[in-house]
Amino acid sequence: MDKKLEPLFTPWKIGNCEIKNRIVMTSMGGTDLFGWMEVNHFDKDGAKFIMEVAKNNCGLILPGCQPVYNPMLGQWLDKNNKLYKDLAKWMPEFHKTGAKLFVQLTAGFGRSFTVSSMMETLYNTPVINVLSKPIMNLDKITAAPSPAENRWSDKLPSREITKKEIDRFVEAFATCSKKLMDAGVDGVEIHAVHEGYLLDQFTLKYVNKRTDEYGGSFENRYRFAVEIVKAIKEKCGKDFPVSLRYSVLSKTKGCRQGALPGEDYVEAGRDMEESERAIKYLSDAGYDMFNCDNGTYDAWYWAHPPIYMPENCNLEDVEHIKNFTDKPVVCAGRLDPRVAADAVAEGKLDGAGFARPFLADQEWVTKMINDDEEDIRPCILCHNGCFNMCHYKGVPNDQELSDSMHLARCAVNAETMQWNKHKIVKTNSPKTVHIIGGGIGGMEAARVLKLRGHKPVIHEKSDVLGGTFIPASAESYKGKLRELLEWYRLQMKKLDIEIHYNDEVKDVSKFAGSPVIVATGSRPIQLKSVKGYEKMVEACDFLNGVKEVGETVAVIGGGLTGCEIAYELALQGKKPVIVEMKDDLVSQKGVCLANSSYLREWFELNKVPVYLETTLREINDGSITCTDKNGKSIEIPCDSVLGAVGYIPSPVAQKAKNVYLVGDCLAIGNLRSVVWKAYETAMKI
């Protein structure tokens, strides 16, 4: 192991509980032990995931947040004793790993509850609303400190939660904690004075307008969180550790308004002066650890950093707040292990929190210890598999129901939390399988085929593996994507996959008798109806360095690809102008609000011109001509025009017996659809 990492592998204590090292797996929705958005039960998939992480040298594990009141079916977590009995049977096996387990409990979501279009209809249709309450009581689930607008929806406001409901929550936290302690759990974490969830909403002046003992003064706003820890300590004893998930700063300008890194703004939520006071107040109340980052659902990119956020984005604030408590402090959020190790060595941090890297590779800590870091499958911060709540104008949350109910899956690792569906099964009939195309889809198929016992052969028309993922990972801020590309190339070497470079296959009939996987990707849409379309620079040509652009660049297409290129152009000092036919940027399913809101707000802050509901008509020398939603003609000056209007499948063969299509040559998607389909196809052969 690299000596620089050694500080992460020293013991520490939370109260009287000793943790073997400083690596903390922080909580992620979907990695719950008692189920997520379903009938509460001891969840075997969640337990399997947690056990894999524990076996691979994680010191402290925090499963997914467990609502003490289940949004589905209105179950109270302290009423089902079988859950705790099943957990108690499992805990001895867990403890054999040497890891410690703190179960995270939450009061819920308040105005941050993720609302879908279906829920809007359910809430606003009186008869259905009444009939559905035993299954999903939205009026109760979304209740907030004060009447408030929902983060996602204009059609489902939050009512004020009652004092009686608050008392029941406090009771449930204490009773659940006692039952968890009796089941052998090492501690609990209270979620959260963090991220703008319900408990945090009580602390935030821009949400909490109450005039009773839970609103107004500092002490009143933090009363709910204080009552919870005091009730737990009274029931469990002072030595049972209670951690708090804590946002140091809200980084929020107001409802649905985040503050970007480096932005000069007025804090609407918790500023540093209040945070310094709050962490001492909460420490004195009885909390034994603070698991810290920044942000709210209104500034979601701090708590769920996309690839555009800087590495270690929360560390400086967490290091500062540690000076105001004598309790251990953990930092999470795009944390680099070596930077974290330095902070621990200098006494600026007690624990290093990581979440999504464990979804991509449950063995990454072991690989780091064994000097095998190049074999760590990296998280690329995409949120496609784990947390793809998607929001754009007019649509609250555009997300498949299967995604909503099954979080914590991973775009780059098809097996994570899908072990019944995605698992390597050895073949009884080894075959030579020809793969046309050496992009991510082709390499994933080859990897799975080889692990199963087949002989994959990749035919790649260029002299390098990667396909369209090479330009897709080319922007300066996409280092994690380039790491994933290198990981795949390494797997091809380690597995000794046969690869034929500069071998363009146009006819698969020569492989008759052998299975063929076609992974030839897609080709860009050409706007041939636009006069002067031939002057347009295609996105991949720009990203591959084949064609250059001038100072002012009109980016045609405001989807994710176009916005990421515009962002890169701006970082280079150029002047992008975005032209989009839809009424919002990144108006597409599968892109998490944390990712899309960052881009939208960054363009607004940096005054990048954005033309929505605007259609390109003509490309001229030095300008483009467009039509706005009212049919008015607009001329936009520019030096270059860059096209990012989408792609269409480009298979070299059609699906047939023994011929399989994967990736974008089958249907345009994202990295998740490419990886998962390639995995599933390789398992069919």
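Select Trp-36, Phe-109, Phe-113, Trp-152, Tyr-197, Tyr-297, Trp-300 and Phe-387: together they form one aromatic cluster. Rings of Phe, Tyr and Trp (its six-membered ring) pair here if their centres lie within 6.5 Å; planes under 30 degrees apart are stacked, over 60 edge-to-face, and the rest tilted.

A word on the model. It is predicted, so local features need pLDDT of at least 70 and side-chain atom pairs pLDDT 80 or more, while totals for chains, interfaces and linings use all residues. Residues are numbered from 1 along each chain as its sequence is written, and side-chain values use heavy atoms, with hydrogens and water left out.

**Whole chain**

Zoom out. The secondary structure comes to 23 helices and 28 strands. The radius of gyration is 26 Å, close to the 26 Å that the globule rule gives for 685 residues, so the chain is as compact as a globular protein of that length. That radius is taken over C-alpha atoms, and the rule is 2.2 Å times the number of residues to the power 0.38. Along the principal axes, the C-alpha atoms fill a box of roughly 75 × 65 × 55 Å. Of the 685 residues, 62% count as buried. Buried means under 20% relative accessible area, exposed over 50%, and partly exposed in between (1.4 Å probe, protein chains only). Among contacts with a separation of 6 or more, residues 24 or more positions apart account for 72%. A contact means heavy atoms within 4.5 Å. Helices (H or I, at least four residues) and strands (E, at least two) are DSSP runs numbered from the N terminus.

**Rings and charges**

The structure holds 32 aromatic pairs. Select one of them, Phe-34 and Tyr-84: it is edge-to-face, 5.4 Å centre to centre, with 75° between the planes. Phe-34 lies in the loop between β3 (23-25) and α1 (44-55), and Tyr-84 in helix α2 (residues 81-95), so the pair ties together parts that are 50 residues apart in sequence. Phe-34 is buried, at 1% relative accessible area. Tyr-84 is buried too, at 5%.

Next, Lys-251 and Trp-302. The charged end of Lys-251 sits over the ring of Trp-302, 4.4 Å from its centre. Then pick Tyr-69: Lys-140 lies over its face, 5.1 Å from the ring centre. The criterion for both is NZ of Lys or CZ of Arg within 6 Å of the ring centre and within 35 degrees of the ring normal.

**Helix α22**

Select residues 593-605. Helix α22 has 13 residues and reaches 17 Å from its first C-alpha to its last, close to the 18 Å expected at 1.5 Å a residue. The expected span is 1.5 Å times one less than the number of residues. Of the 13 residues, 11 are buried, so α22 is largely enclosed by the rest of the structure. Tyr-598, Arg-600 and Trp-602 are among those buried. Show the cover: it includes β10 (257-258), α11 (300-303), α21 (560-571), β21 (575-579) and β22 (610-611). Just after α22, Lys-607 takes a positive phi of about 55°.

**Strands**

Move to β26 (residues 640-643). Ser-640 and Leu-642 point one way, Val-641 and Gly-643 the other, and all are buried. Strand β20 (residues 552-556) pairs with β26 in the parallel sense over 4 bridges; there, Val-553 has Ser-640 as its bridge partner. Strand β19 (residues 537-538) also pairs with β26 in the parallel sense, over 2 bridges, and Glu-538 is partnered by Gly-643. Two strands pair if DSSP finds at least two bridges between them.

Now select β15 (residues 455-459). It is mostly covered, with 4 of its 5 residues buried. Strand β14 (residues 432-436) and β15 pair in the parallel sense over 5 bridges. Ile-435 stands opposite Ile-458 in β15.

**Backbone stops**

Select His-191 and Ala-192. The peptide bond from His-191 to Ala-192 is cis, with omega near 10°. Ala-192 has its place in strand β7 (residues 187-193).

Go to Arg-256, in the loop between β9 (252-254) and β10. Its phi is near 60°, positive in a residue other than glycine. Arg-256 is partly exposed, at 25% relative accessible area.

Asp-496 lies in the loop between α19 (479-494) and β16 (498-500). Phi of Asp-496 is near 55°, also a positive value in a residue other than glycine. At 61% relative accessibility, Asp-496 counts as exposed.

Last stop: Arg-111, in the loop between β6 (100-106) and α3 (117-124). Arg-111 is buried, with a relative accessible area of 2%. Arg-111 and Val-207 are 96 residues apart in sequence, yet 9.0 Å apart in space, C-alpha to C-alpha.
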